[in-house]
Amino acid sequence: MTAPDTVDLDDSATWPADLFDLITELALSVPEGLDTASDLHNEASELAEYDDQVREMLAGRLLRTYHATRLLDHEIENVRAVGLRALTEESLTERLDRAIQAGSIAMPYLTALRESTALVHEPAQVANRRFGEVSVVSSRQPLAKPWPVRFLSNWGGEVRQFGPVWTGAGFESIRRLGHPSLIVSGIDVSTPAAAGTGRELIFDFLGTRLGLNGNGVTIHYAADVPGRQILDICHPGHPEYDRHAHFPKS
């Protein structure tokens, strides 16, 4: 089977021709003087009606996305083979147990780590919103902000980075487990699983075409991303990783 085409939001040369033509046509109606894709969303909100059409044009193709995290060696192998799994309470426990089995974490830390998650330190309605999805961003531009450093510098993922474990000096070795990893994956944004976005995708394609800043949104992907859709896993020394000078080197 031929691999699906990969569409890079940051590179209009990778867009399908019908999408490029639509975005080029719509760009002619955008007000002048806008700086960011958010401005575009606010000042030309009527263009949101084209979002379904954009997604249909991308059907069967994979939109290039990015996920910042920190991975142990066996976790890197698992992501390549299995992919990114939507977060569940069971996967949290499994990840911790496998790290202990691999000898990466000593048993005395187990109780403290299990009590460090968002399940314990956040209201249930807030914590539960973190489950059932994989969070990715649709452009390199958001990676230029400070937030990826937190995920690249701390093992365990967002849901685990709560409580005293992540501030106490005694747990520095736990926080620094594994390798900073930028996971590049492809997702089909025409599917219902990709419906959850910060704003309609149309505005970020228009922002790229118009040379605006602030392109790219978080996609709350409500499904697993299979291993065949993992395009790359980048660590320090990889050009895709090193293009972001503020990313940790180890």
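Analyst: A pocket is an open set of grid points where a 1.4 Å probe fits, with protein on both sides within 12 Å along at least five of seven lines. The model is predicted.

User: What is the volume of the largest pocket, and which residues lie nearest its centre?

Analyst: The largest pocket has a volume of about 1,000 Å³. Strand E2 (62-71), helix H4 (73-82) and helix H5 (89-101) are among the elements that give two or more residues to its lining. By class, that lining has 16 nonpolar, eleven polar and nine charged residues. Of the 36 lining residues, those nearest the centre are His67, Arg85, Leu87, Arg95 and Gly157.

User: Against which helices do the buried residues of H1 pack?

Analyst: Leu19, Leu22, Ile23, Leu26 and Ala27 are buried in helix H1 (residues 17-27). They lie on the same side of H1 because they cover an arc of only 130° around the axis. Ala17 and Glu25, on the other side of H1, are exposed. The buried residues of H1 pack against helix H3 (51-57) and helix H11 (202-210).

User: Is Phe247 buried or exposed?

Analyst: Phe247 is found in the segment after helix H12 (239-242). Leaving aside neighbours within four places in sequence, Phe247 is in contact with Leu143, Pro148, Leu152, Leu182 and Tyr241. Its relative accessible area is 2%, and the cut-off for a buried residue is under 20%. Phe247 is therefore buried.

User: How far apart in space are Phe247 and Val149, C-alpha to C-alpha?

Analyst: In sequence, Phe247 and Val149 are 98 residues apart. In space, their C-alpha to C-alpha distance is 5.8 Å.

Conventions:
Residues are numbered from 1 along each chain as its sequence is written. This is a predicted model: local features need pLDDT of at least 70, side-chain atom pairs count only at pLDDT 80 or more; totals for chains, interfaces and linings use all residues. Side-chain values use heavy atoms; hydrogens and water are left out. Buried means under 20% relative accessible area, exposed over 50%, partly exposed in between (1.4 Å probe, protein chains only). Helices (H or I, at least four residues) and strands (E, at least two) are DSSP runs, numbered from the N terminus. The arc is that of the directions from the helix axis to the C-beta atoms. Contact means heavy atoms within 4.5 Å. On a 1 Å grid over the protein atoms alone, a cavity is a set of points where a 1.4 Å probe fits but cannot get out, and a pocket is an open set with protein on both sides within 12 Å along at least five of seven lines; lining residues have an atom within 4 Å of a point. Grid points are joined across faces, edges and corners, and a volume is the space filled by probe spheres set on the points. Ala, Val, Leu, Ile, Met, Phe, Trp, Tyr, Cys and Pro count as nonpolar, Asp, Glu, Lys and Arg as charged, and the others, Gly among them, as polar.
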